[in-house]
Amino acid sequence: MLHQGIILREGQVTKTIYNLIRDKRYEDVIECIVNLGEAANTRAGLSTLAYCYYYAQKYEEASTCYEQLCTLVPKVQKYKFYYAQSLYQAGIFGDALKILKQIVDNDELKEQCLQLQSAILYSSEDFAGAQSVLNQRTVGTADTLNDEGCLLYQADQYESAVQRFNTALQVGGFNPLIAYNLALSHFRKKEKTQAIDYTAEIVERGIRNHPELGIGAQIDTDGSARSVGNPITMALSGITQALNLKAAIEYSENNDLLDTVEAAREALLDLPPRAESELDPVTLHNIALTDPQGTVAGLRKLAFLLELGPPACPRETFANLLLICCKHEMYETAADILAEHTDLTYKYLSQYLYELLDALITAQASPELAEKKLGVLASSLAGKLRSLAAKVQEVRSTTDQNALRNALKDYENALELYLPVVMARAWISWRDDDFIGAEREFRSSAEFCSENPVWRLNAGHVLFMQGDKYKEASAFYEPIIRQHGDDIMSVSAAVLANLCVSYIMTFQNEEAEELMRRVEKAEELKGNMGKQYHHLCIVNLVVGTLYCAKSNYEFGLSRIAHALEGGSGARLYADTWLHVKRCILSLLAGMAKQNIILPNPAIQEVMNFLKSCEVNGLFTPANVYSASEEAPAEPLTIGLEARKLRLLLIKLSEYENE
């Protein structure tokens, strides 16, 4: 007999099938047994088929086979356990619990049944029931300690959870899944160094023990590596869990100075290569948050996960979907999602997060009401912060270091909640160009937030936008540069550009030139290492725009042309083109009103620059579309817009020379 290139010789069938199982070729075994006819309905055939379905992660098919085995040989209790186990893996929790109740009195299987029962209850979010079952299990085993740690973690008792997971590793030896639980608990305790250490160990062991998983192959092949599927070894190795946690740690840095999304995306690229349809829900969720295809693609993935519902859908999906909608000003969409999923609102959103999101959505219709809601929330949190600050000072006078650590942690947690409220209140003023009102909000929150880098960054932006407080803005930007003195490329290009402008506007041209030289030198160095940065391009664009705004178009447009390498195309895209055409249109308006006269050589340079943009941007979209906007089928290109601008410049130049 021949099945997909596998020869089943008479008298060698069993040997061949067991060799295939040894080689973990479960799909081939399934194909062979299914095609053996009646042999597939025997006890041996069904048992082998069920085993292979389970390890091929086809749990519903495995449960069907085990159900048939339970009917065929009802006295074999192990089949009932495997039946319940398959149902659990398939997410059919109710039926799995019913089967387990039939064999819970079996002494040989009692511990395994209790372990599976507590896992089912935990997955069903019946934590009290899981604890009740856990109390009946053997004390001190690695599995029991791990499950105790999971329940403590769920109750936000992270310190106790860490102790349980550590003990479980000591009792049972290294287990990547327990090590992942330990890393996750450290992450929740904001002990990111320890969390990274454990994830690194899991990944290192995975690379060493499972080279067939192709860990890191996506980076080596620019994302074109062949899918390895979802072998059971991947689930047991903890690789996907560890790398997803690493991505979450990078993403949660919450620092506008660093590209945390890019760092998280790089961590996800280390995952074993799989097709999108093969991804587990957590990986799909994290890819949605860092999706290089844009916000809309990410939102679609999150919406898909939300439709799956628990237990497949990660708990964070609902909150992240709403937060991303608000981040990209899709407030109506956020309001619709809240209205459609009121049950999830109370289940997955804290009272604090609900109030914050509600205020942001309300701000679209009534800024005054939103400000009132945020004011109540800010006042409550400020009072809590003052109380916690007093407690920290009180504990400092004692010698209890543990109490001091806990008091500081409570204060930091409260500050973490307070900062987004401050930013939301400042944003309402910023949105209406009320920068003085935004500054007022920053000053009122300086008591608690003045040392926070995100707060300092945005306070600097608010001062910068007022146009007459460049000196004060510099005082906020300069410490950021000093903090990253060894790697200036890790500083946001916007900060570098704003600081250059602040220097120029306060007649510190030498400092501005020195900063630009540092950026240029660092960018060249990074470029030699194969990394591409556009920091100097952005700085030159902003400086050029500044000079154009001051009517020095000759110098301003030369800086802009230099920023885009003469329009050669490498740095010519919708974002940079926006600055170019604004300045060109401003020049054309001034020439039309005869307020601006540009020397012929300068006009010729602008002509040449636009011609280069026309050639190199012929197929490059000219406009940026937000997540809520739909791009036209045939969008305008930079090449077409550059041609129109050049034509207008020719006409105005001819008019002036008449």
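Predicted model: local features only at pLDDT ≥ 70, side-chain atom pairs only at ≥ 80, totals over all residues.

Student: What makes S474 count as buried?

Tutor: Its relative accessibility is 4%. Buried means under 20%, so S474 gets that label.

Student: And which residues is S474 in contact with, leaving aside its neighbours within four places in sequence?

Tutor: With that exclusion, the contacts of S474 are P479, L499 and S502. Contact here calls for heavy atoms within 4.5 Å.

Student: On to salt bridges. How do you know that D23 and R22 form one?

Tutor: The N to O distance between their side chains is 3.3 Å. The cut-off is 4 Å between a Lys or Arg side-chain nitrogen and an Asp or Glu carboxyl oxygen, so the pair qualifies. Why would such groups pair at all? Side chains of opposite charge can do that when their charged atoms come close.

Student: Why is R22 called exposed but D23 partly exposed?

Tutor: Exposed means over 50%. R22 has a relative accessible area of 57%, so R22 is exposed. D23 has 41%, which falls between the 20% and 50% limits, so D23 is partly exposed.

Student: What about K58 and E27?

Tutor: Their side chains meet in a salt bridge too, at 3.2 Å from N to O. K58 belongs to the loop between helix 3 (43–55) and helix 4 (59–72), while E27 is in helix 2 (residues 26–34), so this pair ties together parts 31 residues apart in sequence. Both ends are partly exposed: K58 has a relative accessible area of 30%, and E27 comes in at 41%.

Student: Where do R205 and E201 lie?

Tutor: Both are in helix 12 (residues 192–209), four residues apart, which is about one turn of the helix. An α-helix has 3.6 residues a turn, so residues three or four places apart point the same way. The side chains of R205 and E201 meet in a salt bridge at 3.3 Å, N to O. R205 is partly exposed at 29% relative accessibility, and E201 is partly exposed with 29% as well.

Student: How many salt bridges does the rule give, and which residues are linked in a network?

Tutor: The count is 28. E111, R137 and D147 are linked in a network of salt bridges.

Student: Back to helix 3. How do you know that its span is close to the expected one?

Tutor: Helix 3 has 13 residues, and the expected span at 1.5 Å a residue is 18 Å. From first C-alpha to last, helix 3 reaches 18 Å. Its buried residues include L46, L49, C52 and Y53. After the helix comes Q57, with a positive phi near 65°.

Student: Last one: what makes up the lining of the second largest pocket?

Tutor: By class, ten nonpolar, five polar and five charged residues. That pocket has a volume of about 440 Å³. Its lining has 20 residues, with Q218, L269, R274, L279 and I287 nearest the centre. Helix 16 (260–269) and helix 17 (281–289) each supply at least two lining residues, and helix 16 gives the largest share, three residues.

Methods:
Residues numbered from 1 in each chain as written. Heavy atoms only, no water. 1 Å grid on protein atoms, 1.4 Å probe; cavity = no way out; pocket = protein on both sides within 12 Å on 5 of 7 lines; lining within 4 Å. Points joined across faces, edges and corners; volume = space filled by probe spheres on them. Nonpolar A, V, L, I, M, F, W, Y, C, P; charged D, E, K, R; others polar. Buried < 20%, exposed > 50% of the residue type's maximum accessible area, 1.4 Å probe, protein only. Expected span 1.5 Å × (residues − 1).
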